[in-house]
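Trainee: I have a model open and want to go through its ligand shells. Can we take them in turn?

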Amino acid sequence: MSEEKKNSAINVSELDAKFKYEVSDQPGGENLKLCFSCGICTAGCPVTEVENEYNPRKLIRMVLLGMKEEVLSSNLIWFCSLCYTCYARCPQNVKFTDIMGVLRDMAVKEDHVHPSFVKNIDEIDRLSQTIRHKMVRAIFPQKKENKSIDSKNLLKIALENMNKE
Ligand code: SF4
Ligand code: SF4
């Protein structure tokens, strides 16, 4: 069953009214309750572009509603690339990227994931940045040309170069 379908039915008896306070009491979570659900974070999120089940606005609503188990056990909280786009654009200064850090810490502390999983996510993020860096460097010689790129081919070249290093 998809994450979206799992989260669509709210079981009121399982809501935890303290969850929003637990999150907002943590450093980085202070502005959680300022969210007025405008959706600007979701509209600009690069992860939502490739994964339509990932929705920062909806995640914040789930936290505010008290859906603690659903949020902390969800795979969705690990999709965020911590790019800070939502953080910069939010009209309420909610600082969702920092809230994501709080949720991840809670997920580890409450045994929803093993700490090694966080290290693996960090490693994926580091490698993603390395690949991006190599792809950007590869198009520097074309800076002054009106030229579109074949990003898949560029990725292939970047990966081949990395394997040679
Ligand atoms: S942009 Fe800010 S106020 Fe709007 S939904 Fe996202 S977190 Fe909430
Ligand atoms: S920090 Fe996470 S939620 Fe915010 S825009 Fe970037 S990927 Fe999306």
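Mentor: Start with ligand 2: 14 residues lie around it, with a C-beta atom, placed from the backbone, within 6 Å. Cys45, Cys80, Cys83, Thr85 and Cys86 come nearest. This is a predicted model, where local features need pLDDT of at least 70, side-chain atom pairs count only at pLDDT 80 or more, and totals for chains, interfaces and linings use all residues. Residues are numbered from 1 along each chain as its sequence is written, and chains are lettered from A and ligands numbered from 1 in the order in which they are written.

Trainee: Which helices each supply at least two residues of the shell around ligand 2?

Mentor: Helices here are DSSP runs (H or I, at least four residues), numbered from the N terminus. Three qualify: H4 (46–50), H7 (85–89) and H8 (96–109).

Trainee: How many charged residues does the shell around ligand 2 have?

Mentor: Asp, Glu, Lys and Arg count as charged; Ala, Val, Leu, Ile, Met, Phe, Trp, Tyr, Cys and Pro as nonpolar; the others, Gly among them, as polar. The shell divides into eleven nonpolar and three polar residues. Charged: none.

Trainee: Which element gives the largest share of the shell around ligand 1?

Mentor: Of the 15 residues around ligand 1, Cys35, Cys38, Cys41, Cys90 and Val94 come nearest. Helices H3 (40–43) and H5 (56–65) give two or more residues. The largest share, three residues, comes from H5.

Trainee: How many charged residues are in the shell around ligand 1?

Mentor: Eleven residues of this shell are nonpolar. Three are polar. The charged count is one.
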